[in-house]
Amino acid sequence: MPPLRERKDDIIPLLYHFLETNADTCNTAKKEVDEEVIKLFEAYNWPGNIRELKNQVERLIILSGINNKIEATLLPPHMKSNAFSVKHERRKSTRSSVKNILRTVERKVIENELKNANWNKTIASRKLGISRASLNNKIENFNILRHMLC
C-alpha cells in the first residue's frame, strides 16, 4: 500500500473516521474540525503514515478539552511550518515562472531591436533606452548570436 503522502484523498476521511471512533469509544460527542486544521492536514506529508495521523487526532481531541471544535492553534509547530513551506514553495515557483517570462520577453525585445537596427548596437541601444554597454551585457547574458537573428 502506498504511503499516506501519496494518498492525499484518504487523509480527511481518516481524520473523520478517527474522530468518530474516539467519540464512540469515549461515549462523547464527535468534535468538529476547523477548516484551517483540514488544510494543514492535507498539506502535511505524514511521514508516520496512518499511525501518525491517528495519534495526532487523539492528541488534538485531548488538547481541545471541553471545546467542541478542534482549532489549528492546537497543532504542533512542525505541522504548521510544513504548510508554510508548501505555500512558500508555491509562491517561489510562481515568482520564478514570472521571472522566466520577463527574461523571455526582454530577450525577444532585444533581438527584435537588433534585427531592426541591422545589428547596429548604438541604434538598438538608443531605441531600447539603455546604454551600449548594457546592451552588450544583455547580448552576452542572453547568449544572443548575430547569425541566429539574420
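Predicted model: local features only at pLDDT ≥ 70, side-chain atom pairs only at ≥ 80, totals over all residues.
Which residues in α3 are buried? In helix α3, the buried residues are Glu 52, Leu 53, Gln 56, Val 57, Leu 60, Ile 61 and Ser 64.

Staying with α3 for a moment, the helix has 16 residues, which at 1.5 Å a residue should span 22 Å, and its end C-alpha atoms are 23 Å apart, so the two values agree. Just after α3 comes Gly 65, which takes a positive phi of about 60°.

Now to the partner of α3. Helix α1, residues 11-26, and helix α3, residues 49-64, have axes that come within 10 Å and cross at roughly 50°, which makes α1 oblique to α3. The crossing of these two helices is right-handed. On the α1 side, Ile 11, Leu 14, Leu 15, Phe 18, Leu 19 and Asn 22 take part, and they meet Ile 50, Leu 53, Lys 54, Val 57 and Ile 61 of α3. Sorted by class, this contact of α1 with α3 has 9 nonpolar residues, 1 polar and 1 charged.

Let me turn to another pair of helices. Helix α5, residues 121-128, packs with helix α6, residues 132-141, at an angle of about 100°, and their axes are 9 Å apart; the two are therefore roughly perpendicular to each other. Here α5 contributes Lys 121, Thr 122, Ala 124, Ser 125 and Leu 128, while α6 contributes Arg 132, Leu 135, Asn 136 and Ile 139. By class, the residues of the contact of α5 with α6 divide into 4 nonpolar, 3 polar and 2 charged.

Conventions. Residues numbered from 1 in each chain as written. Heavy atoms only, no water. Axes fitted to C-alpha atoms, helices over the stretch in contact; angles between N-to-C directions. Helix = DSSP H or I, 4+ residues; strand = E, 2+ residues; numbered from the N terminus. Parallel < 35°, antiparallel > 145°, perpendicular 65-115°, else oblique. Left-handed = near helix turned anticlockwise from the far one by under 90°. Contact = heavy atoms within 4.5 Å. Nonpolar A, V, L, I, M, F, W, Y, C, P; charged D, E, K, R; others polar. Expected span 1.5 Å × (residues − 1). Buried < 20%, exposed > 50% of the residue type's maximum accessible area, 1.4 Å probe, protein only.
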